[in-house]
Amino acid sequence: MTDETPLRADAKLNRERILAAAEDVFLERGAGVSLDDVARRAGVGIGTLYRRFPTREDLLAAAYSARFEACAETSRARSATLDPASALSAYLEDLVRYSNVYRGFAASLGTVLQIGTPGCLATSTEGIRLLQRAQTEGAVRPDVRFNDLVCVATAISLATEQDPSGPEQIAHLVDVFMNGIVRR
């Protein structure tokens with residue numbers, strides 16, 4: 001969700017307060033927390049929250065936008081030094097790690113990435129770029145789509161979000177996906 005028109009000063013302040021409150025509440029209690037709780041924490045009415053963020057996914061995307069931009073930037077900087085399959089694998093690991101910041105966020109990952117915030121666009125564009133690069137080099141099957149990668153990232157994130165061995169498990173599960181489970 002992108003804002004095309006400039007906001008009045010009070011509306012901008014309310015938006016900033018809502019995003020700060022959302023960050024705090026999502027970090028404390030997870031992405032499934034009541035949006036009434038977010039509005040209360042921000043000191044605004046629920047109508048004000050819904051005027052700026054019509055859905056939970058819109059709020060999640062806005063709150064996560066900077067993280068997604070960082071994920072894409074890290075991937076772009078690293079990808080030139082890696083072969084296409086390794087760059088795609090590293091991107092997937094990062095996407096899962098970033099998705100595990102808010103407990104329960106992974107269930108909304110696919111929808112959130114379609115919202116259109118700068119971070120959502122940057123992360124999706126980077127994932128598509130890496131996938132196409134890997135396909136061009138013959139490292140990834142031509143029928144794999146970006147949405148397939150999002151499904152895999154969602155599944156791995158859901159499987160590891162509460163696992164104390166998360167980082168090692170994430171790398172292992174991405175490796176299983178990238179290499180498959182069938183010996184040839």
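This is a predicted model: local features need pLDDT of at least 70, side-chain atom pairs count only at pLDDT 80 or more; totals for chains, interfaces and linings use all residues.

Trainee: Is Thr123 buried or exposed?

Mentor: Relative accessible area decides: under 20% is buried, over 50% is exposed, and anything in between is partly exposed, with a 1.4 Å probe and protein chains only. Thr123 counts as buried because its relative accessibility is 0%.

Trainee: Which residues does Thr123 touch?

Mentor: A contact means heavy atoms within 4.5 Å. Leaving aside residues up to four places away in sequence, Thr123 touches Phe68, Glu69, Cys71, Ala72, Tyr91, Leu95, Leu113 and Phe146.

Trainee: How do I read a nonpolar core, and how many residues are in the largest one?

Mentor: The general idea is that nonpolar side chains tend to be buried together in soluble globular proteins. In practice, a core is a set of buried Ala, Val, Leu, Ile, Met, Phe, Trp, Tyr and Cys residues joined through side-chain atoms within 4.5 Å. Here the largest nonpolar core has 48 residues, and Val38, Leu59, Phe68 and Phe105 have the most contacts inside it. Helices that each supply at least two residues of this core include helix 1 (9–29), helix 2 (35–42), helix 6 (109–113) and helix 7 (118–136). Helix 4 contributes the largest share of this core, 7 residues.

Trainee: Which residues does Phe105 touch?

Mentor: Not counting residues up to four places away in sequence, Phe105 touches Ala31, Leu60, Tyr64, Phe68, Ser99, Val112 and Glu161. Follow that list to Val112, which sits in helix 6 and is buried, with a relative accessible area of 0%.

Trainee: What describes a pair of aromatic rings, and how many aromatic pairs does the structure hold?

Mentor: Two values describe such a pair: the distance of the centres and the angle of the planes. Rings of Phe, Tyr and Trp (its six-membered ring) pair if their centres lie within 6.5 Å; planes under 30 degrees apart are stacked, over 60 edge-to-face, and the rest tilted. There are 6 aromatic pairs in the structure. One of them joins Phe26 and Tyr102, a tilted pair at 5.2 Å centre to centre with 55° between the planes. Phe26 lies in helix 1 and Tyr102 in the loop between helix 5 and helix 6, so this pair ties together parts 76 residues apart in sequence. Both Phe26 and Tyr102 are buried.

Trainee: Why is the pair of Tyr64 and Tyr102 edge-to-face?

Mentor: Their ring planes stand at 80°, with the centres 4.9 Å apart, so the pair is edge-to-face. Tyr64 is in helix 4 and Tyr102 in the loop between helix 5 and helix 6, so the pair links parts of the chain 38 residues apart. Tyr64 is buried at a relative accessible area of 0%. Ring pairs link Phe26, Tyr64, Phe68, Tyr102 and Phe105 into a cluster.

Trainee: Last one: how much space lies in the largest pocket?

Mentor: On a 1 Å grid over the protein atoms alone, a pocket is an open set of points where a 1.4 Å probe fits, with protein on both sides within 12 Å along at least five of seven lines; lining residues have an atom within 4 Å of a point. Points are joined across faces, edges and corners, and the volume is the space filled by probe spheres set on them. The largest pocket holds about 480 Å³. Its lining has 20 residues, with Arg141, Phe177, Met178, Asn179 and Gly180 nearest the centre. Helix 5 (84–99), helix 8 (146–160) and helix 9 (166–179) each give at least two residues to that lining.

Definitions and conventions. Residues are numbered from 1 along each chain as its sequence is written. Side-chain values use heavy atoms; hydrogens and water are left out. Helices (H or I, at least four residues) and strands (E, at least two) are DSSP runs, numbered from the N terminus.
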